[in-house]
Amino acid sequence: MTAVQPPKMLADFGTRKFDFDAVEKYAGADVCARFKDALITGVKTSDADAKALEKALYEWCASFGCVKYAHWFFPMRTGGGCMGSTAGMKHDAFIDPDWSAPGIPGLKPFVCKMPGGRLFTGETDGSSFPNGGMRVTHQAAAFTSWDRGSPPFIYDGTCFIPCAFVTHYGQALDNKTPLLRAQDAVNREGLRLLKNIGGYDDVKQVVSYLGWEQEFFVVTKEAYLARPDLRACGRTLMGAPPTRGQQADLNYFAAMPPTVKACMDEVQTELLKIGCPLNVYHNEVAPAQHEISPFFTITNISADLNQISMQMCVDIGAKHGLVFLFHEKPFAGINGSGKHNNWSIGTDSGLNFFSPGKTQESSELFTIALACLTYAVNQHNTVIRNAVAHAGNDHRLGAQEAPPAIISLYPGTTFDAKVKEIVAGGALAGYFSGGELLDTKCANLNDIERGLEDRNRTAPFPFCGNRFEFRAVGSSQDCSFPMALVDTAFADGMRALSELIEAGSSVRDACAAIFEQNQRVIFVGNGYSPEWPIEAEKRGLPNLKDAVSAHAEFATPENKALFERMGVMTPQEVDARAEVMTPQEVDARAEVMTPQEVDARAEVMTPQEVDARAEVMTPQEVDARAEVMTPQEVDARAEVMFENYCTVLEVEATTLVSMVRTGVEPACQKDLNTYVTNTKHKRYTVRAAAYDAIGDECDKLEEAIKGMPAEGVVVIATYCRDTIKPLLGSVREACDTAEGLVESELWPFMSYTDVCFGHHLSSPKC
């Protein structure tokens, strides 16, 4: 048979990614072999190999005409109204002085190369990024460090180097560092658990996998610019429902508008070049809503690919005259957008913890993994809830279009029965992949092998045959942080099971005990039903209905102990995430702390201390000392969470007031003047009452903005939730009523119908 050459788009897959093949070609087989080994063992790259890799990266980039590189990192900022990726970067040219040349420094000639050490490390100002008090203006140093497990890639003339971002003392200022620490915890506790089970001596590494499903809306540039609320907040703050929204289910999997299709083709082409296996895009449920989804890969790589895909969508969309909206709820009354995180655990030997398989061994491993996950979701319920808690996602969770705010686990009805059987003394094995053959009763159709479990779209964490789908993640979020928290919780579940086995319990009895103590979190019913919150309360499950309530439960002693035990965040890093201090509080703390006290609070060893300890510690002892987040890091994260919520609500409130005062009220007055000849007629009185309501409600919102507490970020966030947010709703309701009355030519803002449907028959611009 004649070999068929793949089309250019597919043949270009991965050509702009600095993968192992590129490392071997440009740095040599020996360097490549040591580099691969380091990714498994965690051994530091030697100075000689680091220089070889820097030279290799430059030569590889030069072969594509790439003249710039960027340390690309992921600060603790959430999506909010932001367009696209929330990553940070700066573009540096591949030039450096020839330091070996004669002459005075500053007058030496320049050569084309990667500057020494810059592949692995960069330095910048950490105080200008969300930091939860871990950085201040006079103590601002922060460092970027290449995530060696995530390959650099070339996009738009720049080589992007995926990096972690930490303070001068090694504390995490980003989402990637906790994820990498959490992946280390999964590896450490996974190897420990497999050793306790027995029979897995060939496994050298345990990893987590992620495959994301990114939802978004697409509108024209003209529609975007016509809406001040979209520009400032990423969502509309007013807007009457369109006469036809998603009622007829006409949009889901329908043909894409030609202009959007042309844009998505280009996005897919560019993503394939950098090695992102984007194999799916389609229309979503709501009008103007779409989704892209790649094949899964290692979690840190997958999270990076999601961030660059969001950036590409924005960049390429602009060329096509389109704007991508990644806010969780751009439009009221129609579905919002999520980012379903399909997550699993696997090994270098090919095992998948969450694939029941067809053998006794695979079935038993699946059940053991489910015991660990049940422990994780139950014991660390508030941690997982905080993984998806932010102002934008408050509009989705529990809104009959996304999972409820109650975090539960759906392993399937069949496995739910299996859990009860195990608790009663039954064997671990016996639950296998695959189901019955479905007879389609059509001559033209083959029989279909259906899954053992039905799909439950109302669950926040449902089983999907060979993975679990974390459906509650918001569309604007960086996958790194939600996956860091899920990995951390699961690693702790493996730890808990290992400790029972190491204490003398059999694997079966240990799993049975875990299931029995934590089975309250298993729910296989309808998560949208009004009965579920009542049942959840009886079970003692938290129901943290909004981000403020969730953030208040993040930096607790129990959660800090978890992150410290698993090595994910220090207590200070946790606090910094939950509650960002005001500038006055930051300065006050800085003024009363000496540099020595700052050093002491950092709780981070210098590189020399790490090396010194490592020389006298076994690898197991080094691993045991690792922390995913110290208590300080947890505190820092908590501060950032609260700060983001306050910022989003304040921007939305001030934007809405401006839209009302400068646009809606003048339009209403002009419309009312049309009916002024008969002020007693119903057409006048109805309008007068409706238009007065706008001013009355907007007056209340303005007063509430003026009454915003001056300090105490938890106090401010609570005020925003309890006072500002309800008034946003009442002003919106009054405006939406008026939009149905005002002459259409007078209404100042583009309607939902025009925004969502206006581009559906447009021809591609590129």
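Which strands each supply at least two residues of the lining of the second largest pocket? I found β9 (206-220), β10 (278-283), β11 (289-294) and β14 (339-347). Strands here are DSSP runs of E with at least two residues, and helices are runs of H or I with at least four residues, numbered from the N terminus.

Before going on, I noted that this is a predicted model, where local features need pLDDT of at least 70, side-chain atom pairs count only at pLDDT 80 or more, and totals for chains, interfaces and linings use all residues. Residues are numbered from 1 along each chain as its sequence is written, and side-chain values use heavy atoms, with hydrogens and water left out.

**Entry: the second largest pocket**

I stayed with this pocket and read off a volume of about 1000 Å³. A pocket, on a 1 Å grid over the protein atoms alone, is an open set of points with protein on both sides within 12 Å along at least five of seven lines, while a cavity is a set where a 1.4 Å probe fits but cannot get out; lining residues have an atom within 4 Å of a point. Grid points are joined across faces, edges and corners, and a volume is the space filled by probe spheres set on the points.

The lining has 49 residues, and the closest to the pocket centre are Glu 213, Asn 342, Arg 455, Cys 464 and Arg 467. Strand β14 gives the most to this lining, with 5 residues. By class I got 17 nonpolar, 19 polar and 13 charged residues. Here Ala, Val, Leu, Ile, Met, Phe, Trp, Tyr, Cys and Pro count as nonpolar, Asp, Glu, Lys and Arg as charged, and the others, Gly among them, as polar.

Of its 17 lining residues, Thr 78, Gln 477, Phe 481, Arg 577 and Met 641 are the closest to its centre. Helix α23 (residues 633-673) supplies the largest share of that lining, 3 residues. The lining of the largest cavity divides into 6 nonpolar, 8 polar and 3 charged residues.

**Entry: nonpolar cores**

I then turned to the cores, each a set of buried Ala, Val, Leu, Ile, Met, Phe, Trp, Tyr and Cys residues joined through side-chain atoms within 4.5 Å. Buried means under 20% relative accessible area, exposed over 50%, and partly exposed in between (1.4 Å probe, protein chains only).

The largest core has 162 residues, and Ile 308, Trp 343, Phe 470, Phe 490, Phe 554, Phe 563 and Ile 724 touch the most other members. Helix α23 gives the largest share of this core, 16 residues. A second, separate core of 34 residues includes Ala 50, Cys 61, Trp 146 and Phe 165.

I picked Phe 470 for its contacts (heavy atoms within 4.5 Å). Beyond four places away in sequence, Phe 470 touches residues including Lys 339, His 340, Asn 341, Ile 384, Pro 460 and Val 486.

**Entry: cysteines**

I searched the whole structure for disulfides and found 0, taking a disulfide as a pair of cysteine sulfur atoms within 2.5 Å. For Cys 511 the nearest cysteine sulfur, that of Cys 372, is 6.7 Å away. Is Cys 511 buried or exposed? Cys 511 counts as buried because its relative accessibility is 0%, and Cys 233 is buried too, at 4%.

Lys 17 sits in the loop between α1 (8-11) and α2 (20-27), and it is partly exposed at 22% relative accessibility. Its C-alpha is 9.7 Å from that of Cys 61, 44 residues apart in sequence. Among the contacts of Lys 17 are Trp 60, Pro 151, Phe 153 and Lys 273.

Ser 549 lies in helix α16 (residues 547-551) and is partly exposed at 21%. Leaving aside neighbours within four places in sequence, Ser 549 is in contact with Leu 544 and Arg 721.

**Entry: positive phi**

Asp 156 has phi near 55°, positive in a residue other than glycine. Asp 156 is in the loop between β7 (153-155) and β8 (158-167) and is exposed, with 64% relative accessible area. Phe 253 has a positive phi of about 60°, lies in the loop between α7 (228-233) and α8 (258-273), and is exposed at 56%.
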